[in-house]
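Hello,

Here is the structure I promised to pass on. My notes follow below it.

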Amino acid sequence: MQDFNTLLINRRSYRKYLNEPLSGDSVQLILEAALLSPTSKNKHSWEFVVVENKEMLTKLSACKPHGANFIADAALAVVVLGNPLESDVWIEDASIATINMQLQAEELGIGSCWVQVRNREFSETVSSGEYINDILEIPMPLEVLCIISFGKKEKPRSPNNMDNLLWEKIHIEKYKFSQD
């Protein structure tokens, strides 16, 4: 087990996966990480659709013109949903659950990547969320925030470079404009 700081440094987005399934235990731990995430007023306004079927992964990979094609090669995708009627902060609740899954995956040595769906378009007349709602039979009022792809990493990536942290984005006591 990595310490938390090392986990954060090592977590990167992976879009290339080996053609191997994930173990049932690994999938369970990833899903437990989502279900353990905190939510506003303990509303649990999120829900998750777990997809391992290759045909469905290929369909999900077409949810938007760019930036989702690698879902077809993933071992697993989790479609992250929220219910705006249950919570006005469903986006935040679902986002927290999503990063929990990604951090758990990294701790297990599994690669992952967030695919933004909310406010994205499948076509000129159909949103990415509507496309996914249709193929996965997701009922109203649930909305799709994102899809997270998971798989065994094709090759390792270098960790985040601590020398490149944007410390200028940190403000102490009050906001200070840069002097550029």
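Which residue forms a salt bridge with Glu-20? The partner is Lys-152, with the closest N and O atoms 3.3 Å apart. (A salt bridge here is a side-chain nitrogen of Lys or Arg within 4 Å of a carboxyl oxygen of Asp or Glu.) Glu-20 sits in the loop between α1 (4-10) and α2 (24-35) and Lys-152 in strand β4, so the pair ties together parts 132 residues apart in sequence. Helices (H or I, at least four residues) and strands (E, at least two) are DSSP runs, numbered from the N terminus.

Before the rest, the ground rules. This is a predicted model: local features need pLDDT of at least 70, side-chain atom pairs count only at pLDDT 80 or more, and totals for chains, interfaces and linings use all residues. Residues are numbered from 1 along each chain as its sequence is written, and side-chain values use heavy atoms, leaving out hydrogens and water.

The structure holds three salt bridges. Glu-106 meets Lys-153 at 3.1 Å, N to O. Glu-106 lies in helix α4 (residues 90-107) and Lys-153 in the segment after β4, so this pair ties together parts 47 residues apart in sequence. Glu-106 counts as buried, at 6% relative accessibility. (Buried means under 20% relative accessible area, exposed over 50%, partly exposed in between; 1.4 Å probe, protein chains only.) Glu-55 and Lys-59 also pair, at 3.8 Å. Both lie in helix α3, four residues apart. Glu-55 is exposed at 55%; Lys-59 is partly exposed at 34%.

Best wishes
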